[in-house]
Amino acid sequence: MRGFSIIQSILISAAFLVFLVSCQNKAIQKPIMLSKSPVLSVPINRLEFSSEGKNWDARLYSFGQPVPLKIQYTETGFYLSQKNQSGVIQGPGILYLSAGKYDYFYDVSLVNMDGPTTMISDYRSPKTVNPDSSLSHQKLFFTIDRWRNVVKSDQTAGYFEESEISLPPIVGIYRAQETDPLSSYYVQPGSCTSIPLQADFNMDKSTFHVVAGPLKDAYNNQVADGTVVAFMYEDGAYSFRMEATAHNGSATVDIPVKTNLTYTLVAAVNETKSLEIQLNP
Amino acid sequence: MRVLFGFFILLLIGFFFLQGRTIQRVAEKPVFLRIDEIANDHQTHIDIAVHASIQLNDLALEGLKKDYSNLWGHLNHLYETNDIIAGKEYYTEAWYKQIAHHYAHPIDEPGIKRMDLKHALQIQNWSSDGLVCTAFDRNVILKHIYPGGRERISSVDLAVVLLYQGDHWRLDGLSVLDEKPQ
């Protein structure tokens, strides 16, 4: 009878212990990433985990920022996929899984799946050159992919390249990159170096129609519109001055004529002067 | 006639009321009136070495150092919260577009925090007009603080492209060249 009570008390104690254990929260084990490689291709389509529970929260930290993920549960665990199809700054990342008070971390390496869709970024400095000062141009260029990763490529031996180039002295608007208007740079005309001068007498108006042009710089470029041309003439007793601005490489003035007077005319742009010509009606 | 006049006045009041509703009221202050608390609170140590062909003066280097520190304040904030808007003044349009792809909503719950403790910026190229800077940032010491308090310190090498736009330097491109645990 006494032996029976001992067995009975052991059984009751064991049942009580089992009850206590069953009341405790079971620790959630770290989910097992089924992919053996820590290198993850981005965008992530299906990253599978074997795990318990269905209340996981997942975040993927790329070097730049968190990447939003979706969780789909399966019979044996869950899998993660990316909410968007975009790439990231490649390199180290951290996958963070949490369920209640349990946090688990996985060091991963992120590589963009779409491969190196790269472009050359070509910056020129200065944006505007003038043959009067220098035609020398600094060129900075590097290769960058669509997710803003700076990469090495065939065109750029290192990550960054720099060279000094000499531009041809031909006036124009050029582009460092054909498809990018923001990469434009400008070669402007230099100072005027030659001033051809012609004059025709207009009998109806009694004026000389004077044309200075084509006005060219040292490299045979037409001078800039708006260049001021001074027309200086004298009749032996008085001297006169008129000014006009160049348009399409020439400037014109109409000089009124008094009968029986001969004028001596010269045109000037800054220090450059034309040959003298005589104006006889 | 009086009724017609009253109707006309009502019509006029209605018109002005509806016009007033359509005016967009911009709550965001202009940049020069804003106080950038994230940048102000951020502290790091930055050493700068110039390997560029162009000689740089102290003023240019100080400006770069200040902007680079502010930029990292915002990069860390972006890393923690995915708040892409707070640091938009320190990103070029291309960089902003890239990070906007991953924007869902700012993260409110605590996650991993990152601090940048030290930088050694080696300027490789500097454009003669002062608008482009390329650099390697060697041995950047980063501290990650995990939920629960665990910390991990690592060292990374970076390649960065900065463009001077508006009135400060902005991040245009970045590459992680190497990462080592400390």
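Predicted model: local features only at pLDDT ≥ 70, side-chain atom pairs only at ≥ 80, totals over all residues.
Let me begin with chain A, which is divided into domain 1, covering residues 32–112, domain 2, covering 118–187, and domain 3, covering 197–279. If we take domain 2 and domain 3 of chain A, their C-alpha centres lie 42 Å apart, and four residues of domain 2 are in contact with four residues of domain 3. On the domain 2 side of that contact, the residues are four nonpolar, with no polar and no charged residues.

Now to the two chains, where the contact takes 35 residues from chain A and 32 residues from chain B. On the side of chain A that touches chain B, several strands each supply at least two residues, among them strand E8 (91–99), strand E9 (102–112) and strand E12 (136–145). Sorted by class, the residues on that side of chain A are 20 nonpolar, nine polar and six charged.

Finally, I would like us to look at B:Gln98, which is found in helix H4 of chain B, residues 93–100. Is B:Gln98 buried or exposed? It counts as buried because 26 other C-beta atoms lie within 10 Å, and the cut-off for buried is 20 or more. Setting aside neighbours within four places in sequence, B:Gln98 is in contact with A:Trp147 and A:Arg148. Within chain B, B:Gln98 and B:Asp172 are 74 residues apart in sequence, while their C-alpha atoms are 10.0 Å apart in space.

Methods. Residues numbered from 1 in each chain as written. Chains lettered and ligands numbered in written order. Helix = DSSP H or I, 4+ residues; strand = E, 2+ residues; numbered from the N terminus. Buried ≥ 20, exposed ≤ 12 C-beta atoms within 10 Å, placed from the backbone. Contact = placed C-beta atoms within 7 Å. Nonpolar A, V, L, I, M, F, W, Y, C, P; charged D, E, K, R; others polar. Domains from an automatic or database assignment.
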